[in-house]
Amino acid sequence: MNPVLDIAVRHRLGEFVLAAAFTSNGRLTALFGQSGSGKTSLVNVIGGLIRPQSGRVLVDGEVLVDTARGIILPKHRRRIGYVFQEARLFPHLTVRQNLMFGHWFAPREARHSSDLDAVLDLLGIGHLLDRRPGGLSGGEKQRVAIGRALLSSPRLLLMDEPLAALDEARKAEILPYIERLRDKVGIPIVYVSHSVAEVARLATTVALVEQGRITACGPTAEILSRLDLAMRPGAPEASSLIEARVIGFDAEFGLAKLETRGGSLQVARGSLALGQHLRVRILASDVLVSLAPLTGISALNTLSGTITEIGERSGQDASTLHLRIDCSGDALTVLLTAKSVAALGLAVGNPVHAVIKSVSVETP
Ligand SMILES: Nc1ncnc2c1ncn2[C@@H]1O[C@H](COP(=O)(O)OP(=O)(O)OP(=O)(O)O)[C@@H](O)[C@H]1O
């Protein structure tokens, strides 16, 4: 089977050289990297705004670029939807007219009159149809921009920092729509971000971009927890993504009880619903390790596991190191001082208890 994305391109922009190669089968592939690492340039190569000097771009096996065969499809023939940081809607047109603008760009055989209803429902924008962009919130504008891109029947959606211009409340409002887009619409997404929290929540696959190159690419949980990447410049701070399910609530204290493979966690209830499946994120620096089960401390969460990997000493003065604990199939990455590791005599194979404060468990 063809990968969803198969990219290997080389392109010089002044002093900067983009030399990026990766494949992805993810529904949402995040390009993550520091400012200036080349994420937007790569997106522009995929979208056709930059014609690469050499290389290939294939989406679901369709060749968009293959310089060796002299193929560089023009932008308008690629069927790629773009969503930028700013919504870029036409101010003089209504929301309906903005959306239909996307529809006109869809190939005739891919246009269906039912598409509009499905998109309105998916993005919750049906009530905005007669409004003009000027009267919409930033989050509403972005939902319309996503709708417009979807209605062009793209084979791929490129989203370049779509939430960067929004405040925290608007981001929180739009994230569930992007999750639905990822899970319910069969269009693969390439998503540029430099927010680890966003990547942890949305991405199925992460490609790390560093100085024009892809330094790692793989499933999100694996990339975020990889010890060899943890201290690289621009790499996300090491963290663990753990699959969990809401199994109950503690009404008196406003907590939700989550079940994970390695044990239970208690977190702030927020808007969690009974039975909901979610991914929680725990920073490596927010976990303590104990040889014996602890009593008499305030932390509410203890996961038990076995040390599977101890990384190299790193950080300031090589004073810290990462280790990985297998908690019944979930990998927990922990940052400790080298001194603690020596004092406890920690070694691969040791059974340990990982202690996590509830406030350190990030939930959607
Ligand atoms: N036309 C150009 N000529 C010369 N250099 C360029 C050109 N376009 C981009 N660059 C350089 O290429 C590098 C990568 O830029 P790019 O915008 O792709 O990075 P980015 O990772 O998207 O950054 P940001 O997160 O800040 O948007 C930068 O150093 C930029 O200055």
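The domain assignment of the protein, a predicted model, gives domain 1 (5-225) and domain 2 (239-362), the bounds being taken from an automatic or database domain assignment. The C-alpha centres of domain 1 and domain 2 lie 33 Å apart, and 7 residues of domain 1 are in contact with 9 residues of domain 2, a contact being a pair of residues whose C-beta atoms, placed from the backbone, lie within 7 Å. On the side of domain 1 that touches domain 2, α6 (196-202) and α7 (220-225) each supply at least two residues, and α7 gives the most, with 4 residues; helices here are DSSP runs (H or I, at least four residues) numbered from the N terminus.

Residues are numbered from 1 along each chain as its sequence is written. In this predicted model, local features need pLDDT of at least 70 and side-chain atom pairs count only at pLDDT 80 or more, whereas totals for chains, interfaces and linings use all residues. The protein averages a pLDDT (the predictor's confidence in each residue, from 0 to 100) of 89, and 95% of the residues score at least 70.

Around the ligand, the shell contains 2 nonpolar, 9 polar and 1 charged residues, where Ala, Val, Leu, Ile, Met, Phe, Trp, Tyr, Cys and Pro count as nonpolar, Asp, Glu, Lys and Arg as charged, and the others, Gly among them, as polar. Helix α1 (residues 39-47) provides the largest share of this shell, 3 residues.

Leaving aside its neighbours within four places in sequence, L208 is in contact with residues including F32, G33, I214 and L229.

Definitions and conventions. Contact = placed C-beta atoms within 7 Å.
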